[in-house]
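Welcome! Please take a look at the model below, and then we can walk through it together.

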Amino acid sequence: MSEHDKIRELLALAAADALTSAEERQVAEHVRSCIACSNELEAWRPIASELRRLPTPQPSPWLVQATLARAGAKLTEQAERDWNRHVMIVVVAFAWLLTIASWPVFHFVTGRFGSWLEPQFSHTQFGQTLLGRTWFSNTWISFTAFTALGWLAGGVAAVMLTIRQRGERRLA
Amino acid sequence: MVGATALSLEGLVAVDADVVRLRRGDLNALSELITRYQNRLYRYLLRLVRQPAEAEDLFQQTWLKVVEKIRSFDASRNFDAWLFTLARNLAIDHLRRIRPQSLDEPLADSWHSETVADRIPCKDDTPLDHALAAERRTEMSEAMAELPMMYREVLTLRFEDEMKIEEIAQVTAVPVSTAKSRLRRSLEQLRYALEARHPGGTWQ
């Protein structure tokens, strides 16, 4: 491809101001001595100029408000979900801390008054090897029952909160 | 010149601040961004799909997507390119779903719409100049609407949104060299379409 042909391919882009500075210099140099390319470049200019002046179509007046209402509702919903997630993390951490901290108290109470929690297989060899009593199995079964009650109460509260939030969102 | 640059930089900072605020879930930032981009984004979508109702629906879907994805957006990047890429992907999915042929075939309807402001004559123009200019704009709009989608897209991004080739490449997800050759081909196609309306003469 000759230099002339290469430059000719760049003329449309020159009118569109889409050339690198090196290409711009090449084109400017060439069109000074080539009348055909100079005329061709002049033919591109009104097209580029008219493209820049095309009227901007206007959207419906309600479009911004409608978009804001929909996108805003989604943003609020996302913020609510994030807030719930953070609260849930804090509550779960707190629940675990509380459960573990209150366990010695619970164990002391049930150890004295809750002998019904003692399992039938509590005299297993493994249990007896630990400090000579049914410490292991009694502890874990009681602990599981204790935490299960806590989780059940937490789960019911979370479901009730979700139902309430959905109801409020529907009303809004 | 200095004032224009300062104003431009000020605008850039304002956009960035709104994006940062939107990432924190600020509803006012969302409102400001939608208002700021309403004309540009709507025009771009209309150039792609050519139907005002579809463009308006896609406009809303784009902002829903923005809200959904804003946390994954790197605030140091170009928000314009990111926004237009989201809009483009939605428009292409829509076109593939609704009119599979419309990605590369022209549509009879013109998307050209003249605003009230366009009808106000310029003080320096005579009524004849104004009528000729309006005719040229109509011809240009109609010729552009006849082009395949990828050519309409690159023309609107370059001449109406005034994006640089690098930004166009980013939005359309192609190398810079491809974006450049696509722009050249789109201009050539447009010129053929305009000159075909004036057999034996050139479009001026």
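What follows is a short tour of the two chains, their contact and a few single residues.

Residues are numbered from 1 along each chain as its sequence is written, while chains are lettered from A and ligands numbered from 1 in the order in which they are written. This is a predicted model, in which local features need pLDDT of at least 70 and side-chain atom pairs count only at pLDDT 80 or more, whereas totals for chains, interfaces and linings use all residues.

**Chain A**

Let us begin with confidence, given as pLDDT (the predictor's confidence in each residue, from 0 to 100). Chain A has a mean pLDDT of 79, with 77% of its residues at 70 or more. Over residues 120-128 of chain A, pLDDT stays under 50. Where pLDDT is low, the predicted coordinates should not be read in detail.

Helices are DSSP runs of H or I with at least four residues, strands are runs of E with at least two, and both are numbered from the N terminus. Chain A has 6 helices and 0 strands. A residue is called buried if 20 or more other C-beta atoms lie within 10 Å of its own, exposed if 12 or fewer, and partly exposed in between, with C-beta atoms placed from the backbone. Of the 172 residues in chain A, 12% are buried.

Helix α3(A) has 18 residues and spans 26 Å from its first C-alpha to its last, close to the 26 Å expected at 1.5 Å a residue; the expected span is 1.5 Å times one less than the number of residues. Its buried residues are A:Leu41, A:Ile47, A:Ala48, A:Glu50 and A:Leu51.

**Where the chains meet**

Two residues are in contact if their C-beta atoms, placed from the backbone, lie within 7 Å. By that rule, 32 residues of chain A are in contact with 40 residues of chain B. On the chain A side, α1 (3-15), α3 (35-52) and α4 (63-113) are the elements giving two or more residues, and α4(A) has the largest share, 12 residues.

Helix α4 of chain A also holds A:Leu75. This residue counts as buried because it has 23 C-beta neighbours inside 10 Å. Not counting residues up to four places away in sequence, A:Leu75 touches B:Gly25, B:Leu27, B:Leu30 and B:Val67.

The domain assignment of chain B, which is automatic or from a database, gives domain 1 (1-103) and domain 2 (107-204). Their contact takes 15 residues from domain 1 and 13 residues from domain 2. On the domain 1 side, α2(B) gives the most, with 6 residues.

A nonpolar core is a set of buried Ala, Val, Leu, Ile, Met, Phe, Trp, Tyr and Cys residues joined through C-beta atoms within 7 Å. The largest one has 64 residues, and B:Leu45, B:Ala87 and B:Leu190 have the most contacts inside it. Helix α2 (residues 27-49) of chain B supplies the largest share of this core, 11 residues. Beyond its neighbours within four places in sequence, B:Leu190 is in contact with A:Ile47, B:Ala143, B:Met144, B:Leu147 and B:Leu155.
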